[in-house]
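Here's a quick tour of a few spots worth a look. Have the viewer open as you read.

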Amino acid sequence: RRDVHNATRVPFGVMIPVRVSHNQSIGPGVVPAGVDPAYDAQYANHKGPVAHVGANGFGRPFSVAPGPITHTQTPYVTGTTVLGMKYKDGVMIACDTLGSYGSTKRYKNLQRMRVVNAKTIIGFTGELSDFDYIMTLLDELNTNDYCEDDGKELSPKEIYSYLCRVMYNRRNKFDPLWNSLVVAGLMKDGTQFLGTVGMIGQHYTDSHLAAGFGNHMARPLFREKHTDDMSEPEARALMEDALRACVMRDKSMMNKFQIAKVEFGKAPTVSEPFAVATSWDYEKFKNPSEFAPGTW
Amino acid sequence: TPLRSTCAQGYVAYTRASLQMETFDEPPKTGTTIVACVYDGGVVLGADTRVSTGIYVSNRASDKMTVLADSTVMCRSGSAADTEAVAKIVRYHVEQIGMERDSPLDVKTVAQISNQINYQNKSANHGAGLGAYMIIGGWDSNKGSQVYSCTAGGNMISTRWTTDGSGSTYIWGFMDDGFRENMTREECEAFVTAAITLAMSTDSSSGGCVRLNTVNAEGIHRKFVKPGELSPAYGELAMTARHGHVGASGGMVL
């Protein structure tokens, strides 16, 4: 009688290599390569996960070899950066209206910021379909709030925490929602909220944020010029400066932006699209290769 | 050694350029050009008719547009198998839901069914998703003429016009420039036909004839434009027609 569960004991009659349901070095349920050629041959070309049943014949099969299950997708229609900042009267986020299809600038009227509830707005970068799915989840939360009928609705921080859990759990399943989200809004205690969640569940809050390329171009400008008590025109001017910096250096961005904001005592709004002025009138732009022909 | 293939059949042929055996083990794709555009009172959807497996044109007169409902048509591009399967499942759901509601489905509803199939199968093909790039267009009394771009991965976006497939890359600029709101049906059909002709002249995966489906309040009207009826693109010669005729056996003899 062979007791194949106890890996420490040598199985009875072990001159012939035997499949073991537990291998101390690799772990449970793994058939080491070379031990059972028939087993190996079955899976020589197998691309999917292997459901392995213990050698005792009973027990729930679980997948181990030949590798982790990957449902990780490739994004198809994507949005680029979202910027956000707090200011005296509330909080604002901004982004362009482009949906890129690889390197094709395909959809030019995509609204990448949406109103979640009376106190919260959200913007996304990354795959559009996953964001639409996130919006259906948030819609469910709103419906629950409505049905509870207790005069309360979820605060931006609660929505942000919920999304952190969603994103992190999807990451754990190797099936991420391919987005970085910026959640902004006003809390009951009279403070602003601004937070970001990424596709692997990383998250943080700050007075000014960006998701995507804006982290490189806009954050330094914000660090230099942002203060929490900026007035709305000042905040908007800084936001437009940051958007200008981004659009001149991000190839998957277009010069057509919206700004969404939540201000104390007012409903959230998403602005009409607008463009920012850009500077091309530099003397040195006219003949850059004058003294070095062939240079770029 | 031949490439490993996921296709059940493999075609083998010798190319002119080299005497090496080249297997056409790629699954059949609709390397294609599909276009849809709204006009005042309806939608015009158009497609070329070429299906290729590798270098071989396996079908030169295919119909890449599938009717999903009385007022909705789908143009298919990407993997031929995936789009056929999706269209089939969408038609099943459309019939079922239509029976339950005892009324025809709106264009957006049909587009959403198709889109959800794409979205819920993101893990297919090792994470690449179904290779189904579709345009769904139609007319209903609720929202009038609509075009939905349902690309792979489950992205659905409503636009006034759109194009997809391998040939679409060559006509984005042309369509950007030529689209106008409130065209007449004739103008729109001419616009779509011109766009597909241009794409076919530059894309080797697109070719053959142009099929048009015009959807308006009266229903779906089909049109088949043969190469002889299209004016030649730059660098090409006018095509003359050699008739196909039906032989005594009842089959086409071309």
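How are α4(A) and α5(A) oriented to each other? They're roughly antiparallel, a label for angles over 145 degrees, with under 35 called roughly parallel, 65 to 115 roughly perpendicular and the rest oblique.

## Ground rules

This is a predicted model, where local features need pLDDT of at least 70, side-chain atom pairs count only at pLDDT 80 or more, and totals for chains, interfaces and linings use all residues. Residues are numbered from 1 along each chain as its sequence is written, chains are lettered from A and ligands numbered from 1 in the order in which they are written, and side-chain values use heavy atoms, with hydrogens and water left out.

## Confidence in chain A

The average pLDDT (the predictor's confidence in each residue, from 0 to 100) is 85 for chain A, and 79% of the residues score at least 70. Over residues 1-14 of chain A, pLDDT stays under 50. The model has 13 contacts (heavy atoms within 4.5 Å) beyond four places in sequence for that stretch.

## α4 against α5

Helices here are DSSP runs of H or I with at least four residues, strands are E runs of at least two, and both are numbered from the N terminus. In chain A, the axes of α4 (residues 214-225) and α5 (residues 232-249) come within 9 Å and cross at roughly 150°. Axes are lines fitted to C-alpha atoms, for helices over the stretch in contact, and angles run from 0 to 180 degrees between N-to-C directions.

On the α4(A) side, the contact includes Met217(A), Leu221(A) and Phe222(A), and on the α5(A) side Leu238(A), Ala242(A) and Arg249(A) are among the residues involved. By class, there are 9 nonpolar, 1 polar and 3 charged residues. Nonpolar covers Ala, Val, Leu, Ile, Met, Phe, Trp, Tyr, Cys and Pro, charged covers Asp, Glu, Lys and Arg, and the others, Gly among them, are polar.

## α2 against α3

Also in chain A, α2 (residues 128-148) and α3 (residues 156-172) have axes that come within 12 Å and cross at roughly 135°. That makes α2(A) oblique to α3(A). The contact includes Tyr133(A) and Leu137(A) from α2(A), plus Tyr162(A) and Arg170(A) from α3(A). Its residues split into 10 nonpolar, no polar and 1 charged.

## Met65 in chain B

Over in chain B, Met65(B) sits in strand β8 (residues 65-69). Met65(B) counts as buried because its relative accessibility is 4%; buried means under 20% relative accessible area, exposed over 50%, partly exposed in between (1.4 Å probe, protein chains only). Beyond four places in sequence, its contacts include Leu45(B), Val73(B), Cys75(B) and Leu212(B).
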